Every structure is written in C-alpha cells, then in structure tokens.
Amino acid sequence: MPEPENTTLTALPGFQVGHWTDPIARTGCTVILCPPEGAVASASFIGPSPGTREGVLLSPEKKVERVHALLLTGGSAFGLAAATGVVRVLEERGIGHETPWARVPIVPAAVIYDLGVGDPGVRPGEREGELAARAASSAPVTRGLVGAGTGATAGKYLGGGVPGGLGSVCLERHGVRVAALAVVNPVGDVLDEQGGALAGPGTGPGAAAFAPGDVENTTLVAVATEHALTKAECRRLADAAQTALARVIHPSHTAWDGDSAFVLSSAALPPADPLLLGALVQEAVCAAVRDAVRSAHQNFE
C-alpha cells in the first residue's frame, strides 16, 4: 500500500520533529529541527507571563537571524532546561551559528504550565530534550497527547479542563505551502469551524464561577514555510498567527494566557505573495489548534 500523504509540518523539506513523552506524569517536550543552515525566525509573545528562552533574540532588530531548532515543552519554567539537551545534539552534529571558536546552536524555547495535570515533580530536562532531538525525523508528526501537548488542557475558566493536546497541519494554496504545529493549553474554549465549542464548557467567561489558574494557561504555535522571509516579515506573520488564535479560541489572549507564536522560514523558495501567505498562516494555525484537540480526544477515549 502507498504511504499516506504527510499533511503535517514535516511535509516541508528540511524540517524534522521529535517528541519525548511521559504519559504517566502527563508532561513532555517537542523539538522542531530546522535545516542544518538554520531558519530565519521571529516570534510574537502576548500575555502577562510567557515562559521563553532566547525570546529577545528573535526581535527583528537583533543581530542573529537564523535559529537551528525550536523547543516547545511542558514543565513550566523548569522545562526550559530541556533546550540544553537540544543544543548538545546540534553541537555534536556541527550545527550552529558560526563564531571564531565554536558553532553555537541557537535554540529558542517556550513552555506551557502543566504541573497540575500529572506529577508536578516530573518535568522535561536536559536528558529529555536530548532524547526528543534524537527522535526527530521527517515522518508525519505524531499528534494528540504527546510531547509538549501531553499535559495540555483547554476550557479551564470553570476549573478543571479537557485535553488540549498537540496538532499539526500543512496547507497548500496556489503553490504556496505553510505548516503549523500547536500546543493547545488555553483558559478559553477551542471553537470548531462553525463557532461551536470543540473543547471546553462553551459558556464563555460570563459564568458565575469564573476562576482560572493564574499561571496555568498558554497556547504555543510554530509556523513554518519554505518561502523566503526577512526577520521582520517573520515577525509580522507571527502577529498574524496570534490573530488566528483569536478566531479559534474564546476568550483568547486573556490576563491568564501567555501565548507564544513562532515563524520559521527555510528560505529554500522565492518569496510568496504576502497576502496569500498571511491568509495561509492564519488558516494553518486555526487548523492545527483544532487538530490538536481532535487528536487529543482520540487518544483520551
């Protein structure tokens, strides 16, 4: 039988994805490896408490343009330690930003808070990041309650929450391809294509028992394309990805969310029409968020 078509982020040449998952402690991490020469990258951070590593470096005015991997992880701030393991693997492979005495791998990272879902004493660390990096491949991305999405939950404004998971899609229109990977951990509901509640109680923030956890919510999004972008253009598309979250999560970008959106360009193809590219980014982000929830529910059943 022919292999099924890859409709996830790894359909883009040069990008690989790997997970480390602890299904008992309900946490994990996910690594996106860029092509060896790196990817032009920027990011948008909205919310009061985003947990990140190398986030400032991604600002358009900063000198370094290309990153070599991206880590999305559970474990709150503890989980940022997993990036060190990714750096070790890349250094071993001779990948990194060229300096006079060493190649320095650039690995931004962002976390979700999942400590209250499973065992709060188990968090991804250096070893777990290394394992995820070594597991990375161009095979279709495994989705659902895996990697950074293992302990992700949605619809928590009444307390509790339902599985949010990790999702990924790759979309193509008129020869332009955009892929997205999402870790879905918002306080709000995730909406389906008709605007109904796909995950969460569906009553919105007007409920009398509105009591979300202050640091327990963040949705992480990584968008990738082969089309050449400048760092400033990556930043604008990262803002567009944040806008897409407002279409698929209700309420979005609340005082209890620390949403982070990254855009990676391998620059392997000429620039694409910016209007089409921006529309595809938003469509891919919405689809990846919904894919995360649907995949997580399949795992949970």
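**Notes on sheets, helices and backbone**

1. Ala43 stands opposite Phe262 in S18. The two residues belong to a pairing in which strand S3 (residues 39-46) and strand S18 (residues 259-269) run antiparallel and are joined by seven bridges. Strands (E, at least two residues) and helices (H or I, at least four) are DSSP runs numbered from the N terminus, and two strands pair if DSSP finds at least two bridges between them.

2. This is a predicted model, in which local features need pLDDT of at least 70 and side-chain atom pairs count only at pLDDT 80 or more, while totals for chains, interfaces and linings use all residues. Residues are numbered from 1 along each chain as its sequence is written, and side-chain values use heavy atoms, with hydrogens and water left out.

3. S3 and S18 lie in an open sheet of six strands, ordered S5-S3-S18-S16-S13-S12, with mixed pairing. Its edge strands, S5 (66-67) and S12 (166-173), each pair on one side only. Helix H3 (residues 231-248) packs on this sheet and touches S3, S16 (220-227) and S18. The direction of H3 makes about 40 degrees with that of S3. Contact here means heavy atoms within 4.5 Å; axes are lines fitted to C-alpha atoms, for helices over the stretch in contact, and angles between N-to-C directions run from 0 to 180 degrees.

4. Another open sheet has three strands in the order S15-S14-S17, with antiparallel pairing. Strands S15 (197-199) and S17 (249-250) stand at the edges with a single partner strand each, so one side of each has no neighbour in the sheet. S14 (residues 189-191) and S15 run antiparallel and are joined by two bridges; Leu191 has Ala197 in S15 as its bridge partner.

5. How do helices H1 and H2 cross? The axes of H1 (residues 82-92) and H2 (residues 126-135) come within 6 Å and cross at roughly 45 degrees. H1 is therefore oblique to H2 (under 35 degrees counts as roughly parallel, over 145 as roughly antiparallel, 65 to 115 as roughly perpendicular, and the rest as oblique). On the H1 side, the residues that meet H2 include Ala82, Val86 and Val89, and on the H2 side those that meet H1 include Gly129, Ala133 and Arg134. By class, this contact has four nonpolar, three polar and five charged residues (Ala, Val, Leu, Ile, Met, Phe, Trp, Tyr, Cys and Pro are nonpolar; Asp, Glu, Lys and Arg are charged; the others, Gly among them, are polar).

6. Which residues of H1 are buried? They are Ala82, Ala83, Gly85, Val86, Val87, Val89 and Leu90, where buried means under 20% relative accessible area, exposed over 50% and partly exposed in between (1.4 Å probe, protein chains only). Their cover includes S2, S4 (52-53), S6 (69-73), S9 (109-111) and H2. In H2, the buried residues are Glu128, Gly129, Glu130, Ala132 and Ala133; S1 (16-22), S2 (27-33) and H1 are among the elements that cover them.

7. Most residues other than glycine have a negative phi, and most peptide bonds are trans. His174, although not a glycine, has a positive phi of about 55 degrees; His174 is exposed, at 77% relative accessibility. Phi of His253 is positive, near 50 degrees, and His253 is partly exposed, at 24%. The peptide bond from His250 to Pro251 is cis, with omega near -10 degrees. Pro251 is found in the loop between S17 and S18, and His253 lies in the loop between S17 and S18.
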